[in-house]
Amino acid sequence: MALNRRNRKASRLGDAVFSRLSLVASLAIIFILVNILVILIMQAWPTLSEFGASFLWTSDWNTMTDEYGALPAIYGTVVSSLLAILIAVPVSFGAAVFLTEIAPLWLRSTASFIIEMLAAIPSIIIGMWGVFVLVPIVRDPIQKWLGNAFGWMPIFQGNQLGFGFLAAGIMLALMIIPIITSMSRDVLRAVPQSQREAMLALGATRWETISKAVLPFGRSGLVSAVILGLGRALGETMVVAMVIGNVYSIRFSLFSPGSTIPSKIAGEFGETLPGTLQMSSLLGLALILFAITLIVNIIARLLVWRMSAVKMGRL
Amino acid sequence: MLKRFLPAVTALMLAMMLVLAGCAKNSSEQATRLTGSGATFPQPLYTQWFAKYYNLTGVRIDYGGGGSGAGIAAIAQGIVNFAGSDALLTPTQLAAVEAAYGKIVTIPMTADAIPVVYNVQGVSSGLKLSGEVLANIYLGTITKWNDPTITALNPDLNLPDASITTIHRSDSSGTTNIFTNYLAKISPAWVSTIGGAGFGTTINWPTVANGSGIGAAGNAGVASALRQNPNSIGYVGLAYAIENNLPCIDLQNATGNFITPSVASTTVAANGFELPDDMRIMITNSAEATAYPIVGFTWLLVYENQTNQAKGQAIVDFLWWAIHDGQADAPGLHFAQLSSAAVAKAETLVKSIKYHGQSIYGS
Amino acid sequence: MLGALTLIIRKGFNFMMVSLCVLGAVLAMTLVCMMLGYILVHGITFFNLDFITNEAAFPIGTPGGGMRNEIIGTAIIVSLGTLIAVPVGLFAGIFLSEFASPTVASSVRFAADILSGVPSIVVGIFAYAIIVRPMHSFSAISAAVALAIIMLPVVARTTEESMRLVPGSLREAALALGITRWRSVLSVVIPGAMTGIVTGVILGMARIAGETAPLLFTAFGSNFSFESLSEPIAALPLQIYRYAMSPYQDWLQQAWAGAFLLAMMVLVVSLAVRFISRKRGS
C-alpha cells in the first residue's frame, strides 16, 4: 500500500517533470525566434528610422547617395518563389499520389534516399549545376520557344539571357519538389485505408477515389507541405544568387534578371562595413523577409482553418 | 524500444566525436595560433602561405574569407588578429575602426590586375580598347561592337553589328572597386553619372537601366555568364581570366601603349606612383610605360599596438616573411609580386608594429 | 446506354488523371535525378582515397590533396548540432502533440514554421552576435549552435506530425492499464512514431551537413587539424564553397569530389540509422 502510494507520487512527479521539460523545449523555439527578431530590429533600426515605411516601396539601392529601398528585392523574392510553387506543386502532388497509390514499394524508399542526399549537397554545388547545365537549357529551348509561342505576353518578352527569374524559379522548384513530394506522400500514406476501400466499394474509379476520398482527407497536411516548400524557396540564397542575374530593378518579363532578398544580403553582407546605413538596410531586408514568411504562414493557417470549417459544415 | 534506441544513437555520436577528436593531432604544447578574416580574392595565395609558414615555423594561421567588410568588423570587435581588405577605407571609416582598439597599419601583400574579358563573335583575340571607350561601353553610350570608336582602334578586326551586353559583379567586391576606380580616373562623364566619387564595391550600373547589362555573382559567375552570352564584355581577376582562357582586351594605358594584362605588367604598375608612407593608395591608371592600367593592391590590416607579446611577434614575423620569401609564391597563382619600392615601404610599416611602445621587429 | 457512356467517360478521365500523376512523378524524378546524377558523376570522377586521408596539398595543383580536416570538422559540428537539436526538438514535438492546449500549440507551431523559413545566413549572423562576439573567437561551438537552430524546427515538426499519426486508441489503452502519461508517451507513442521521427532527424542532419552560409561567420574554416571546440574549425561545405569559387582546376575538381563525399556521408548515416532503428524495433 505504502509502496503503491510512493509509486503514484513518483509517477505524478514524472508526469510533471516530463510535461515541464517539453514545455521548456517548446518555449526555447519561441525564445530563439524572438531573439533573432530583436537582434534584426536593433541592427535595422537606423534604416527604419531614416526611411520609415518608404523603405518598403522605393527602389533605389545607391551606396553613393546612401539611399536604400527594398521594393525590387521584395518583388524578386515573391515572383521567383511563386513561380517555383506554380511549377513544383502540380508535379509534387502528382508524384506523391504516384508514390502512395501506384508505385511499387522499393521505389518509395529510393525516392526518400534521393531527397535526403539532395538536401545534403551544398547549395553552391547545386548552383553550379544550374549555371553550367540549366541556364543554357533555359536560354535555348525554353526561352526561345516561349518567346516564339507566347511572345505577345509581356511576361515572355525581352532579351533571352538565360539568367533571370525563369531560371531562378525552375531551380527553386527543383529544390522544393523533393520536400513537397515527401511531405505530401507521408500525409497521403496516413489516410486510413478504409477511406479508399469505401469509395472503391461504391464502384468509384481510382482517380475518383484519390480526388474525392484521399486528397480531401489530407488537405491540411498538403497545405503545410506547400508552405514548407514555399518557406524554403523564400529563404534559399546561393542557388538563386547564382542564376537570377542579380539586377536591382523591377521588370515584368520572366526573362529579365532580378534580385531576391537573400541573394542581396548574401551578395553584399561580407563587403559592407559594420555600422553603415547600407548594413542596416541589408538587415532591414532580412526583417522584411521575416514579415513575408509570417504573412505566408498566417494565410496558410486561415486556409487550413477555412477548409476544415467547410468540411465540418458539410458533414 | 526507445530507451535502448536513444542512448544507442547518442553513444554512437559521442563515440564518433571522440574517435574523430582522437584522430586529430594531439599537440600538448600550445602552439601560437593567429586568425585573420576578410577579402576572399587573395585567399588562395594566403592559404598557400599559411600552409608553408606552418611547416617552417609551426605557427598556425587561419584565414576566413567572409569579405573585406566582415574582416574589418571582426578586427574592430577584437575577434581576429588581422583583417584582409582589397578596398581602402575612407579616412572617416578608418577613424571609426581605430576608435575601437587604436591605430591600424595597412600593409600591401600582393597586387592584382583586373583584365577586361570579352566574348565577341568572330573575334578570338587581339581586341584593343582605350579607357575612354571602355567607360562609354559601361555607360551605355557605346552600344554596338562595330561602333566607329571601337573600329578605329581595331582596323584589322571584323567586328560584328551586334549589341554589347555588359556583365558586372552583382555582389559587393574589391574587384568592382578597382575596376570602377579606373573608370572614374579616366572619364569625367562616368563620375558625374555614377555620382559621389564614381567608384566603390557596389555601384548602380548605368547599363542596367536600358536592359543591356546583367550582374553575375563572383568572378566565377562573371566568367560563366560571359561564356554563355555572345557579344558580351566583363571584368574578372587575373587568375580567372588565365585559368579559364578568357580573351583579354589590350587596354591603352596612360602613356598610350596597349598592354596585355599579366603578372609582369601588374608588378610594374606601382612604379608609376610616388608611393605614400602609409601605402594607402589606389594604383590604377599608372604612368609607367609598360604597366597595365587596372591594377590594385590587396592589404592586411594590423593593429599598430599589439597587446599580446607572443601573438604580436608571430604577426610581425609572418608579415616580414610574406613581403619577402612569400612573394615567390605569387606568380604561380597569377598574383603579382610587390615591386621593390613597395616592399621597401612595407618593411617600414612592419617595423612600426609595437608591443608596449617598442618595435617588435628585430627585438 | 447512358450509364455505359458515363462509365467510359469516367474510365477515360481516370486513365488521364492517373497518367498525369505518373507523368508528374516521372518528370520530378528525372529532373531531380538529372541534377543529382550530374553532381555525383562529376564528383566520383575526382574522388579517391587520398581525398579522405590527406590534408590539402601545396602548392595549389599538387596532386594527392584531400579534405581530411574538413571531414573531421564537419562530423564534429554536425554531431554536436544534432546533439543539441534532437532533445529540444523531440521534447517540443512531444509537447505539441501530447501536452499543449490548442492555442499554445498553434503559437509554438507558428514559431517553428517561421524559424524554419529564416534564411540560414541570418541564423549565422545571429550565432555570431550571441556567441562569437562575447567569446571573442570563431568556434566550433558557435557553428554547432547555428546548425542546431536550423535543425530544431525540422525535428520538432516531424516529431509532432508523426506522433499525431499514432491512433488515440493506443494511448487510451495504455492509460487504461494504469500507466502514467509520460510512460505511455515513452513506451507507446514514441515507438509508434519512431520511423517518422528518425526520418525527420536524418533529414535535419542532411540539411545542416550541407549548409555553408551560417558557417562563414561561426566555424570560420581552418587549414589545420581539430584542436578545440572553442577555436575555428574546418568544415566540408566551407571548403567546397572556397574551392568552387576559385579559379584553379585542381580546386574546382576537389569541390565536386567534396560534394560527392557529403552526399555519400548522409547516405551512409541514414542507411545506418534506418538499419539500427528497424532492428531494434522488431
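What share of the contacts in chain C with a separation of 6 or more is accounted for by residues 24 or more positions apart? The value is 74%, where two residues are in contact if their C-beta atoms, placed from the backbone, lie within 7 Å.

This is a predicted model, in which local features need pLDDT of at least 70, side-chain atom pairs count only at pLDDT 80 or more, and totals for chains, interfaces and linings use all residues. Residues are numbered from 1 along each chain as its sequence is written, and chains are lettered from A and ligands numbered from 1 in the order in which they are written.

Chain C holds eleven helices and zero strands (DSSP runs numbered from the N terminus: helices are H or I, at least four residues; strands are E, at least two). Its C-alpha trace spans about 80 × 55 × 35 Å along the principal axes. Of the 282 residues in chain C, 59% are buried (20 or more other C-beta atoms within 10 Å of the residue's own, C-beta atoms being placed from the backbone).

| Contact | Residues from each chain |
|---|---|
| Chain B with chain A | 33 residues of chain B, 28 residues of chain A |

On the side of chain B that touches chain A, the largest share is six residues, from helix 3 of chain B.

Conventions
A residue is buried if 20 or more other C-beta atoms lie within 10 Å of its own, exposed if 12 or fewer, and partly exposed in between; C-beta atoms are placed from the backbone.
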